Amino acid sequence: MDISDQVQKKQRTERDYRLKRIIKENHLMPIKRVWFHPEYPNLLMTLGANQMNLYDNTHLDMLSQYVHAEDLSSCCWIRHPEDVWIALGTKDIHIVSVAYSQVSLVLKGHTDTILDMDAFEFGLVSCASDAIRLWHLLQEREVALFQQSASIVKIHPSGSYFLAGSLGGSLQKWILDQQLLDPPENSPIETFDDFIPLDSPHNASIQSIDFTKTHILSKSSDGKVCLWNDTEIVFKIYLDHCTPCRLDLCSSLDLFCVGDAEGTVSIYSSVNGCLLQQVDHKRVTKRILGCAFSSDGEHLLFAGDQGLLWRYMFSFQIRSLQKFA
């Protein structure tokens with residue numbers, strides 16, 4: 001390992017986040033999701049009760065707001081060649097255009113509240129207790145029905161399959177073949193029930209799923225966090241004071257953060273599960289329900305029951321290279 005590698009390693013393992021700004025959100029209710037756009041790093045979405053807010057992370061200025069007649073259960077960023085879309089779930093999927101600040105499309109099909117969604121180019125996967133459904137956004141319709149209930153879904157970066165987690169802790173792998181991704185116009189909805197069961201390390205409701213380069217990073221409602229694949233479990237850690245807060249994996253894939261019921265956000269190594277830092281403040285006294293790293297790792301934002309959006313900035317002074325010589 002050369003000197004520059006040692007400096008970078010030191011930066012990753014000794015990073016220190018300092019409070020920079022507190023935003024009084026106007027959700028007036030707990031904020032349950034904080035999510036940066038995967039391609040436009042300054043776009044930040046928050047979700048709480050019946051409201052979605054969109055921010056510019058540069059100064060945390062509000063860019064847009066969407067208020068629905070009933071509570072919103074889930075949300076998802078959607079790639080679009082000429083716009084930025086946001087999917088918001090109730091029993092229906094409401095596609096909001098950021099460019100036009102309005103709902104541009106409503107997708108109907110679920111009979112129960114949509115619990116989670118994930119998207120890839122021109123496609124959206126949604127899940128509820130009734131089924132998992134695949135939607136083609138350019139054709140504005142459902143194209144596939146997967147006959148299994150799920151509480152969370154996550155599409156693999158390759159787009160070739162997705163994972164679905166259940167309230168009981170099971171995990172399933174569903175293959176997305178090319179015909180599903182680009183179906184003929186007006187083709188009938190295809191129905192599937194042939195998933196691949198995975199040897200899940202969880203026994204409680206799956207709350208979070210993400211992918212590193214070679215493994216799955218997952219969390220269940222009992223506070224168990226695992227990094228694993230078909231052949232090994234790299235680590236298992238158990239979180240105290242667990243909340244529904246999802247894990248957020250930073251873009252470098254070497255760190256993840258998660259909030260707890262006492263108002264603390266913990267940062268862990270996603271390589272070995274070591275706790276690296278805990279971020280808290282005397283004014284944060286209630287549950288953290290959502291947290292996220294900015295794409296460059298410079299900011300950590302979180303929110304929860306108090307209706308406040310907290311932004312911390314990464315602060316690190318590179319020590320003399322002579323120390324590593």
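The following questions and answers concern a predicted model.

Student: Which strands form the edges of the open sheet of five strands?

Tutor: The sheet has mixed pairing and the order β10-β11-β12-β13-β17. An edge strand pairs on one side only. The edge strands are therefore β10 (116–120) and β17 (190–192).

Student: Which residue in β11 is the bridge partner of Asp116?

Tutor: Strand β11 covers residues 123–127 and runs antiparallel to β10. Five bridges join the two strands. In β11, the partner of Asp116 is Cys127.

Student: Which residues touch the most other members of the largest nonpolar core?

Tutor: This core has 29 residues. Several strands each supply at least two of its residues, including β24 (255–259) and β28 (299–304). Leu300 touches, among others, Cys257, Val265, Ile267 and Trp310. The members that touch the most others are Phe256, Leu300 and Phe302.

Student: How many residues does the second, separate core include?

Tutor: Among the members of this second core are Val84, Ala87, Leu88 and Leu137. Its residues number 28.

Student: How many disulfides does the count come to?

Tutor: A disulfide requires cysteine sulfur atoms within 2.5 Å. For Cys245, the nearest cysteine sulfur is that of Cys291, 3.7 Å away. The sulfur of Cys291 has its closest cysteine sulfur in Cys257, at 3.5 Å, which is too far for a bond. The count of disulfides comes to zero.

Student: Is Cys245 buried or exposed?

Tutor: Buried means under 20% relative accessible area. Cys245 has 0% relative accessibility, so Cys245 counts as buried.

How values were computed
Residues numbered from 1 in each chain as written. Predicted model: local features only at pLDDT ≥ 70, side-chain atom pairs only at ≥ 80, totals over all residues. Heavy atoms only, no water. Helix = DSSP H or I, 4+ residues; strand = E, 2+ residues; numbered from the N terminus. Core = buried A, V, L, I, M, F, W, Y, C linked by side-chain atoms within 4.5 Å. Buried < 20%, exposed > 50% of the residue type's maximum accessible area, 1.4 Å probe, protein only. Contact = heavy atoms within 4.5 Å. Lists of a residue's contacts leave out its neighbours within four places in sequence.
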